[in-house]
Amino acid sequence: MPNRMMKLLLIEDDPAMSSTLQRAFERRGAQVVACDDGRRALDRWLASVPDVVILDLSLPGIDGLQVLRSARDAGLTTPVVILTARGTVGDRVLGLNTGADDYLPKPFDLDELEARVNALARRGGNPRSVGNGDAPRTFCGMHTDDDSGAVYFNGTVMELAPREAALLRALLARPGHAVAKERLFELVFAGEADVQIEAIEVIVYRLRKKIADTGAQLVTLRGLGYLLKAQA
């Protein structure tokens, strides 16, 4: 498939935030359509379906959750990352259950947002990522097949349970950077309301053993989360 510019729909009513994000992603080679109103945003989304939607929750007209709910009811499957000052676990779960694919509380790191947008674009079938070209990222011989979700080590599919694979995919998206325990829980146990957050520790324990021979190390950072790094 030929390369093309990634199309982003940015739904954010704060003028300074919207302007900053639009300039940042356009510098990285994306085509950005910005909208500051919930009702108009849904019309824009329907008129020209983007590759990824960046969605604020606090919007005039109708709020971000209603925009998202209406879009999903209309059959729009575009990946969505929510940006919001509402940072509680309950708010994150509500957003994800409404149909969001990712959630980033404000304030956030722009590089992390870029990485999450790229991951959602690849998951949605767009081979074009902003910033770093189209080559798959490999870390310690491991990389993810974005179509199947399988993780490969030196060209061979790794034997991972679905939850282990989901955890590893999340960590491989940003090796060397901590990923919050709550964020990993949302990805690994999506939609499983009866599971306690401590269950993620069991998946970490199992995955740590399965990647022991790859040259990568799964590190626990107390109070921060987990990260992948190359073994010393």
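## The whole chain

Of the 232 residues of the chain, 42% count as buried, where buried means under 20% relative accessible area, exposed means over 50% and partly exposed lies in between (1.4 Å probe, protein chains only). The model is predicted: local features need pLDDT of at least 70, side-chain atom pairs count only at pLDDT 80 or more, and totals for chains, interfaces and linings use all residues. Residues are numbered from 1 along each chain as its sequence is written, and side-chain values use heavy atoms, with hydrogens and water left out.

Colour the chain by secondary structure: there are eight helices and ten strands. Helices (H or I, at least four residues) and strands (E, at least two) are DSSP runs, numbered from the N terminus. Among contacts between residues at least 6 apart in sequence, 57% join residues at least 24 apart; a contact means heavy atoms within 4.5 Å.

## First stop: the five-stranded sheet

Select strands β1 to β5. They form an open sheet in the order β2-β1-β3-β4-β5, with parallel pairing; two strands pair if DSSP finds at least two bridges between them. At the edges are β2 (31-35) and β5 (102-105), each of which pairs on one side only. Neighbouring strands are turned by 20° against each other on average, direction ignored. Axes here are lines fitted to C-alpha atoms, for helices over the stretch in contact, and angles run from 0 to 180 degrees between N-to-C directions.

Next, select β1. Four of its five residues are buried. Five bridges join β1 to β2 in parallel, and four bridges join β1 (residues 7-11) to β3 (residues 52-56), also parallel. What stands opposite leucine 8 in β3? Valine 52 does, while in β2 the bridge partner of leucine 8 is valine 32.

Now centre on isoleucine 54, in strand β3. Is isoleucine 54 buried or exposed? Its relative accessible area is 2%, so isoleucine 54 is buried. Not counting residues up to four places away in sequence, isoleucine 54 touches Leu8, Leu9, Leu10, Ile11, Phe25, Val81, Leu83 and Val117.

## Second stop: helices α2 and α3

Select helix α2 (residues 38-47) and helix α3 (residues 64-73). Their axes come within 10 Å and cross at roughly 30°. The two helices are therefore roughly parallel to each other, a term used for angles under 35 degrees. Show the side chains of the contact: Gly38, Leu42 and Trp45 of α2 meet Val67, Leu68, Ser70, Ala71 and Arg72 of α3.

Select helix α6 (residues 162-172), where eight of the eleven residues are buried. The buried residues of α6 pack against β6, β7 (151-153), α7 (181-188), α8, β9 (216-221) and β10 (225-230).

Threonine 144 is in strand β6 (residues 142-144). With a relative accessible area of 18%, threonine 144 is buried. Among the residues that threonine 144 touches are Arg169 and Leu172.

Valine 202 belongs to helix α8 (residues 199-210). At 40% relative accessibility, valine 202 is partly exposed. The C-alpha atoms of valine 202 and glutamate 164, 38 residues apart along the chain, are separated by 9.8 Å.

## Last stop: backbone geometry

Most residues other than glycine have a negative phi, and most peptide bonds are trans.

- Lysine 106 and proline 107 are joined by a cis peptide bond with omega about -5°; proline 107 is in the loop between β5 and α5 (110-123).
- Cysteine 140 has a positive phi of about 50°. The residue is in the loop between α5 and β6 and, at 24% relative accessibility, is partly exposed.
- Asparagine 154 also has a positive phi of about 50°. The residue is in the loop between β7 and β8 (156-157) and is exposed, with a relative accessible area of 58%.

Key
Angles under 35 degrees count as roughly parallel, over 145 as roughly antiparallel, 65 to 115 as roughly perpendicular and the rest as oblique.
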